[in-house]
Amino acid sequence: MRSLLFVPADSPGKLAKAPGCGADALILDLEDSVAPERKEAARAGAAAFLAQTLPVPGRPRLIVRVNGLATGLIDADLDAVVPAHPDAIMLPKAEGGACVVHADAKLCAREALNGLAEGAIRIVAIATETAPALFVAGTYRGASARLAALTWGAEDLSTELGAETNRDAQGRFLDPYRLARTLCIAAAAAADVPALDTVYVDFRNDAGLRRECEEARRDGFTGKMAIHPAQVATINTAFTPSDDELAWSRRVVETFERNPGLGTVGLDGKMLDMPHLKQAQRILALAHRGAPG
Ligand code: COA
Ligand code: MG
């Protein structure tokens, strides 16, 4: 998944617009973009949208962001959406693998009640939204086969830390958020799942978004969440390998294939060894990740 577009699930207008936005995944939001008195409307909106969109060929992946485990709202969220069989839930304010195990148990029970295969609904966890979460980011590995990806958040974290802002005057994340971002990348690599970059809230600033996408991809993220349809094309482009990258990757793989048994080879005057081969294979895999569905 390159782009994942948040859609407040209590907004019929945004739900109607969302499938045509070109995002690889839609995140139907029941959490922070929905006011407390609108939660019930959002649950109904998400369930109806899932029922309508799941059969559509070539549809984006459908993820529901439920409310966090500590809110007292998550059970009603799951009761409303599990029968409609989303591809995944997004678990906000996750604090390590224990929270994924907890959400896994809630999903197991409801999958059984609804005749779904155990594990049919995956989990994408937001790993850095609270202070305690930062200290357990390394515990996702092996928590659940449902874990599909990790992402991170800077907005709730900055509120929790008591900060005035999370970005500097040039729009770059400040140190506490760069730490959270790095922990997300490392946590995802440790758990062997993709890392997805957080949202860019300045949604009219395309140059700023492009820069943030390029930096994210450089550092190991494989996709990024969006809050506005105008961000989707920029994200998709940034996380799609370029023709030059693909050509380089194919040449690296071919060079190793032509030299079986060699751990290190030369190409264009540069030494290549196993990390380069793995990097080339990773780029080719990114290009081949199929259309969502
Ligand atoms: N998904 C689907 N459609 C969206 C959308 C979204 N996330 N954001 C905007 N749109 C639609 C608008 O409804 C509008 O449609 P219309 O032309 O048919 O009226 C069109 O895109 C243009 O929107 P625009 O006027 O530029 O933005 P806005 O002021 O209506 O909305 C936000 C701005 C930030 C409130 C809105 O983008 C949004 O709700 N984003 C998601 C917020 C969210 O989920 N946050 C939680 C995660 S951090
Ligand atoms: Mg939030």
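Tutor: Start with β1: this strand gives the second largest pocket the largest share of its lining, 4 residues. Helices (H or I, at least four residues) and strands (E, at least two) are DSSP runs, numbered from the N terminus. A pocket is an open set of points on a 1 Å grid over the protein atoms alone, with protein on both sides within 12 Å along at least five of seven lines; a cavity is a set where a 1.4 Å probe fits but cannot get out; lining residues have an atom within 4 Å of a point.

The model is predicted: local features need pLDDT of at least 70 and side-chain atom pairs pLDDT 80 or more, while totals for chains, interfaces and linings use all residues. Residues are numbered from 1 along each chain as its sequence is written, chains are lettered from A and ligands numbered from 1 in written order, and side-chain values use heavy atoms, without hydrogens or water.

Now the pocket itself. The second largest pocket holds about 470 Å³ of space (the volume filled by probe spheres set on the points, which are joined across faces, edges and corners). Its lining counts 26 residues. Phe-6, Asp-29, Ser-33, Val-199 and Ile-227 lie nearest the centre. At least two lining residues come from each of β1, α1 and α6 (155-161). By class, 14 lining residues are nonpolar, 4 polar and 8 charged. Asp, Glu, Lys and Arg count as charged; Ala, Val, Leu, Ile, Met, Phe, Trp, Tyr, Cys and Pro as nonpolar; the others, Gly among them, as polar.

Ligand 1 sits in this second largest pocket (more than half of its atoms lie within 2 Å of the grid points). Two elements give two or more residues to the shell around ligand 1: β1 (3-8) and α1 (12-17). β1 supplies the largest share of that shell, 4 residues. There are 14 residues around ligand 1 (a heavy atom within 4 Å). Phe-6, Lys-14, Arg-204, Ile-227 and His-228 come nearest. The shell has 7 nonpolar, 2 polar and 5 charged residues.

Next, the polar contacts (N or O pairs within 3.5 Å). Phe-6 has a polar backbone atom 2.7 Å from a nitrogen atom of ligand 1. In the side chain of Arg-204, an N or O atom is 3.1 Å from an oxygen atom of the ligand. His-228 places a polar side-chain atom 2.7 Å from a ligand oxygen atom. On its own, ligand 1 has 890 Å² of accessible area, and the protein covers 61% of it (Shrake-Rupley, 1.4 Å probe).

Key: A polar contact is a pair of N or O atoms within 3.5 Å; within protein, one must be able to donate a hydrogen and the other to accept it, and residues adjacent in sequence count only if both atoms are side-chain atoms.
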